[in-house]
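Please find below a note on the model under review.

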Amino acid sequence: MSPALDEMPLAKGSRSLRSDLIGIAALLALAALGFLLFPDNLALLTRIIAIALLVLSVDLVTGICGVATLGQAALFGAGAYAAGIGAAHYGITDPLLMVLAGIAGGAIAGLICGIVILRAHGLPQLVLSIALIHLFHELANKTTSWTGGSDGLSGISPGPLLDMFTFDLWGRTAYVFAVVLLIAVFILLRILVRSPFGMLCRGIREDPVRVRAMGASPHATLVKMYVISGAVAGVGGALSAITTQVVGLDSLSFTLSAEALVMLVLGGAGSLYGALAGTVIFMLFEDFVSAANPFHWLTMVGALLVAVVLFAPKGLYGTAEDLLLRWKGKAP
Amino acid sequence: MNTIFSIGVDALAYGMVLFVISIGLSVTMGLMRVVNLAHGAFAMIGGYIASYAAQSLGLGYAAAVLLAVAGTIIIAIPIERVLYRRIYGQPELTQVLMTIGVTFMIIGIANYVFGPTLKTIPLPDELRGSVNLGFRSIATHRVFAIVCGLIVAAALWYAIEKTAFGIKLRAAVDNAAMAAALGVRTEVVYAVSFAVAVGLAALGGVVGAELLPVEPYYALRYMVTFLVVVSVGGAGSIPGALVACLLLGAIDTAGRYLMPEFGEFFFYLAVIAIVWVFPRGLAGGRGA
Amino acid sequence: MTPVFEVRALRKSFGGLPVSDNISLSLAAGDRVALIGPNGAGKTTFVDIAAGNLKPDSGEVLLGGEQVTRLSPAERVRRGLVRSFQVTRLFHDMTPAEHVAMAILQREGRAGRMLGNYLDMPEVMREAMEAFAMLGIDDLAHRKVREIAYGQQRLLELAIALVLKPRVLLLDEPGAGVPQSDTARLKAALAALPADLAVLMIEHDMDLVFHFAKRVVVLAAGAIIFDGAPAAATTDARVREAYLGSYADAGRVA
């Protein structure tokens with residue numbers, strides 16, 4: 001083998017590993033910055049992280065696998081309610097166990113939703129995703145003894161983390177917990193995306209016929225990805241239940257699903273970093289504007305969506321990446 | 001027996017209202033291949049204009065309907081030119097995102113202009129009361145809805161199958177490039193079809209206001225329903241849309257009568273079941 | 001001896017048009033068969049049905065004597081029936097190395113691995129580079145597919161099919177789009193195919209056909225009109241009529 005061939009693969013592999021390490025270091029730095037700059041607003045930052053996990057889960061199925069879904073909040077809500085019900089009804093108050101409950105709830109919901117949604121393609125697939133989120137919503141709405149119905153599930157009091165750190169009123173424990181969870185999930189997802197499985201998913205997105213001609217079954221792979229995506233969303237849901245100590249029907253709403261998609265598109269789908277960027281920008285903006293009544297907010301989300309589609313279809317992160325490549329002299 | 005009759009009539013009326021609203025979506029999806037999630041929003045606009053015309057301007061029902069249809073078309077034309085034209089031929093996700101954006105904006109603006117409360121469209125005396133069939137009586141406005149639906153179906157069928165415009169429309173649906181090469185001005189066909197689709201949606205929004213109440217979240221609440229009609233009935237198919245609408249109307253009405261507590265849950269479950277059995281629509285055959 | 005690949009009485013119609021008309025064909029291990037015929041004869045449809053991309057109206061497909069008619073394309077690949085495409089189907093943002101690595105991993109049942117990266121698997125990379133070297137595209141291994149020439153993309157298609165280590169290989173116009181400069185490479189690759197592999201190749205390039213095929217099958221209007229030695233195909237009256245139509249006798253009229 002020629003020397004050039006020996007070098008290139010290693011260089012590429014270690015280059016992307018290096019860029020991942022830089023990325024994670026940057027995230028940690030940003031998280032620390034948030035802690036220092038907004039000590040009174042840690043609840044907001046924690047919520048941003050919970051939603052970021054939802055948006056990451058959307059990036060997995062939509063950005064990487066190409067399955068358009070408007071029902072992802074079902075997985076988030078499943079995780080939130082699983083953790084919440086575990087705490088409020090069964091006394092499972094250890095935060096780590098609650099996260100595990102969230103993962104289980106989200107993964108199971110992911111399996112169900114994945115099997116249903118992958119039954120069809122195109123518009124019928126979209127319809128299935130919308131019908132599913134409404135179905136989950138109604139289920140939570142009516143099973144009041146479990147979920148508290150439209151009043152929400154309360155009475156969730158998480159115990160101290162690792163038996164040492166109680167969840168204090170300023171939300172410091174909650175925030176650090178959230179950051180650790182996010183970084184852990186993010187590292188795992190970066191590994192997943194770079195793995196043969198991730199490569200297969202990207203192939204399925206572009207040309208499922210070619211994937212079949214290689215002997216791989218797109219359907220089975222996509223269902224697996226849906227389960228993983230459910231687990232990720234479930235972590236976010238559990239985090240939300242733990243840190244806000246309440247679970248409401250809004251965690252199972254179509255609007256949340258749609259907003260998650262907006263955040264993903266805003267930041268740029270397919271890179272995982274875009275999902276984070278989009279979430280942060282969107283939610284900070286929402287907090288800034290939250291004084292206005294909800295309908296004005298809806299109009300602005302709509303306008304934002306239209307603007308992104310028209311002017312920045314790759315999202316902010318994607319467009320930034322393109323610009324950077326162009327600046328470096330390589331065509332995108 | 002009485003219950004079955006009531007369910008049947010309500011289902012028929014509801015199905016016909018759905019048909020009038022959704023057939024436009026079916027045609028634009030089949031023609032321009034645009035996944036238009038904002039279609040319900042246009043029906044809602046129609047309802048709002050009619051309500052405003054009747055309540056605040058004191059116009060009669062017929063005038064309110066005309067104003068609603070005309071007004072909605074006038075609002076829709078610039079939206080089509082500025083926004084929809086940019087997404088013809090784009091990937092589905094792009095279209096979904098754009099049309100959701102449009103929907104959200106319309107909901108927000110509707111709330112800002114009209115407020116969050118339910119709007120009613122007062123029925124004229126001719127449509128109040130009921131029609132006595134001898135063994136049963138039916139609310140007149142339901143009969144009106146059913147008749148409207150049938151007229152729309154017949155008129156559309158005639159327009160598409162028998163007129164020159166219909167031929168151009170079918171040509172453009174089958175093969176837009178070829179139709180253009182033959183001199184069919186596809187842009188005009190698209191614009192006119194979009195206008196008709198939106199006009200029908202507005203008509204349905206007005207006529208169906210008793211069954212589908214007009215409030216800002218209307219566009220989201222019934223989004224699934226309209227989309228299911230098109231995906232099950234098959235884009236561009238009038239008979240398909242009719243069957244799908246009647247089916248959904250029956251399911252929804254039956255659910256509301258027989259299981260009012262769990263009606264919505266049952267409806268969505270039924271929707272999933274229908275799409276599961278017909279993942280490519282009624283005409284597409286079963287299975288993947 | 002059971003043929004390694006067989007189709008029996010395949011029929012497929014689109015509307016009223018029979019695109020596959022009672023096709024029966026078998027291949028033994030080591031066969032080198034060229035499937036030729038005028039345009040529209042139904043050659044690609046035949047491969048689509050054989051590979052599982054299309055369901056026949058009736059008839060059977062057998063691999064090594066076993067029924068595969070109801071199996072999906074992916075399942076047929078796993079049993080050793082591999083096809084290439086007439087128009088390349090590749091992932092534009094991935095590199096040839098990624099394509100072939102995916103195929104190799106799939107062959108070994110490891111394509112769904114969630115850890116690691118193919119770049120860190122030396123055996124996979126080695127096998128991939130060998131496949132590329134044989135086809136002369138090793139210097140393109142790490143370029144994105146959108147950046148390599150169409151002819152080289154066709155060679156990549158062949159590489160993917162080969163690393164799947166098939167028992168039966170269906171090639172749909174492997175030479176289409178390959179420039180003259182690379183045809184020698186293609187011929188060498190075809191000559192170097194494993195001796196026990198059964199190959200059926202659709203081709204229009206007669207040079208390639210005569211270089212490669214030990215047996216020629218001619219398809220016209222969905223039906224097989226000739227199955228025999230390449231030399232005999234050129235003189236067969238029915239074949240000439242299929243290609244030239246009734247103008248075969250035109251010499252007399254003009």
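1. Basis. This is a predicted model, in which local features need pLDDT of at least 70 and side-chain atom pairs count only at pLDDT 80 or more, while totals for chains, interfaces and linings use all residues. Residues are numbered from 1 along each chain as its sequence is written, chains are lettered from A and ligands numbered from 1 in the order in which they are written, and side-chain values use heavy atoms, with hydrogens and water left out.

2. Extent of the interface between chain B and chain A. In chain B, 45 residues are in contact with 37 residues of chain A, contact meaning heavy atoms within 4.5 Å. The two chains bury about 3800 Å² between them, and 83% of this lies on carbon and sulfur atoms; buried area is the accessible area (1.4 Å probe) that two parts lose on being put together, summed over both. On the chain B side, B:Leu97, B:Phe104 and B:Trp276 lose the most area to chain A, together 18% of what that side buries.

3. Composition of the chain B side. Helices H3 (61-87), H4 (92-114), H10 (223-233) and H12 (263-277) of chain B each supply at least two residues of the side that touches chain A. Helices here are DSSP runs (H or I, at least four residues) and strands likewise (E, at least two), numbered from the N terminus. H4(B) provides the largest share of that side, 16 residues. The residues of the side of chain B that touches chain A divide into 35 nonpolar, six polar and four charged. Ala, Val, Leu, Ile, Met, Phe, Trp, Tyr, Cys and Pro count as nonpolar, Asp, Glu, Lys and Arg as charged, and the others, Gly among them, as polar.

4. Nonpolar cores. A nonpolar core is a set of buried Ala, Val, Leu, Ile, Met, Phe, Trp, Tyr and Cys residues joined through side-chain atoms within 4.5 Å; buried means under 20% relative accessible area, exposed over 50%, and partly exposed in between (1.4 Å probe, protein chains only). The largest core has 277 residues, of which A:Leu56, A:Leu70, B:Phe42 and C:Phe132 touch the most other members. Helix H2 (residues 42-64) of chain A gives the most to this core, with 16 residues. Leaving aside neighbours within four places in sequence, the contacts of B:Phe42 include B:Ile79, B:Ile106 and B:Phe194. A second, separate core of 26 residues includes C:Val4, C:Phe5, C:Val47 and C:Val168.

5. Salt bridges. Over all chains the count comes to 23 salt bridges, each a side-chain nitrogen of Lys or Arg within 4 Å of a carboxyl oxygen of Asp or Glu. Across the interface of chain B and chain A the rule finds zero.

6. Pairs in chain C. C:Arg215 and C:Asp31 meet in a salt bridge at 3.2 Å, N to O. C:Arg215 lies in strand E9 (residues 215-220) and C:Asp31 in the loop between strands E2 (17-27) and E3 (32-36), 184 residues apart. Both C:Arg215 and C:Asp31 are buried. C:Lys12 pairs with C:Asp57 at 3.9 Å, N to O; C:Lys12 is buried at 12% relative accessibility, whereas C:Asp57 is partly exposed at 48%.

7. Network. C:Arg107, C:Glu108, C:Arg110, C:Glu123, C:Glu127 and C:Lys165 are linked in a network of salt bridges. Within it, C:Lys165 and C:Glu127 meet at 3.5 Å, N to O.
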